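Hi,

Here is the structure we talked about. Please have a look, then read the notes below.

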Amino acid sequence: RGRRTWRGRLAGLLSAPARASALLDGARARCAGYRLQAIPRFDERVDPIWHAVRSEHELLVTRDLRALRWRFDEGPDRESYHRFYLLRGSRCVGYVVLRRGELLGSEVVFVIDLLCPGRHLGALASLLAARTATTSAAAVVLDLLDARAGRILRRHGFLRVQRASQRRFLAQTREHRELLSDPSRWFVTRADSDWDHPNAVETGE
């Protein structure tokens, strides 16, 4: 019963009113000069994004050009990822990596990775929701551990779903133990593990 209930809720997340709201929110972001640009692979434009963002978080994995090419452009699943830069005017201010898949029997868009300064996150969320609203996907699924992001994402139509999890660490120093024991100091996405394509369905775009 629970599985059927959640499947229905998931399919309803982007109902007609929700899709209309997402499209309107995306239009506001475009009026502010933002847009998503599809790219075949990462290039040197990503390094300034990494340098602008890395000081905003105490604990995050490196996301410079070398790391992103290794993670998304050179692996066996590279054709499954859809990469976009977030532009404001002609300036590149962020990126996002998507992958189509299924969750509880519904087609969804998984956000595998994203990075941008906090002031641009609302625009990125708006454009993601608006883009998904024009497809057959039932929802955008974003697994993100970022203490600042929750309020911004809720303003742009994202719903928070609690998940039970267990974390175990071996910390070498007291400073490391304090850092690792406080998730509010982390920035973590699906790209920080190999859990980035559950039940993937290759639909192409």
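Is F42 buried or exposed? F42 is buried, with a relative accessible area of 1%. Keep in mind that this is a predicted model.

Start with the aromatic pairs. A search of the whole structure finds four. In one of them, the ring centres of F42 and Y85 are 6.0 Å apart and the planes meet at 65 degrees, so the pair is edge-to-face. It links distant parts of the chain: F42 is in the loop between β1 (34-39) and α3, and Y85 is in strand β2, 43 residues apart. Y85 is buried too, at a relative accessible area of 0%.

F42 also pairs with Y95. Here the centres are 5.2 Å apart and the planes are at 80 degrees, so this pair is edge-to-face. Y95 lies in strand β3, 53 residues from F42. Its relative accessible area is 0%. Ring pairs join F42, F72, Y81, Y85 and Y95 into a cluster. The charged end of R99 sits over the ring of Y81, 5.7 Å from its centre.

Now the core. The largest nonpolar core has 24 residues, and F42, V46, F72, Y85 and Y95 touch the most other members. Elements giving it two or more residues include α3 (46-53), α4 (65-73) and β2 (82-88). Another core, of 23 residues, lies apart from it; A29, V96, L121 and L128 are among its members.

Last, α3. Its buried residues are V46, I49, W50 and V53.

Best wishes

Notes
Residues numbered from 1 in each chain as written. Predicted model: local features only at pLDDT ≥ 70, side-chain atom pairs only at ≥ 80, totals over all residues. Heavy atoms only, no water. Core = buried A, V, L, I, M, F, W, Y, C linked by side-chain atoms within 4.5 Å. Buried < 20%, exposed > 50% of the residue type's maximum accessible area, 1.4 Å probe, protein only. Helix = DSSP H or I, 4+ residues; strand = E, 2+ residues; numbered from the N terminus. Phe/Tyr/Trp six-rings, centres within 6.5 Å; stacked < 30°, edge-to-face > 60°. Lys NZ or Arg CZ within 6 Å of the ring centre and 35° of its normal.
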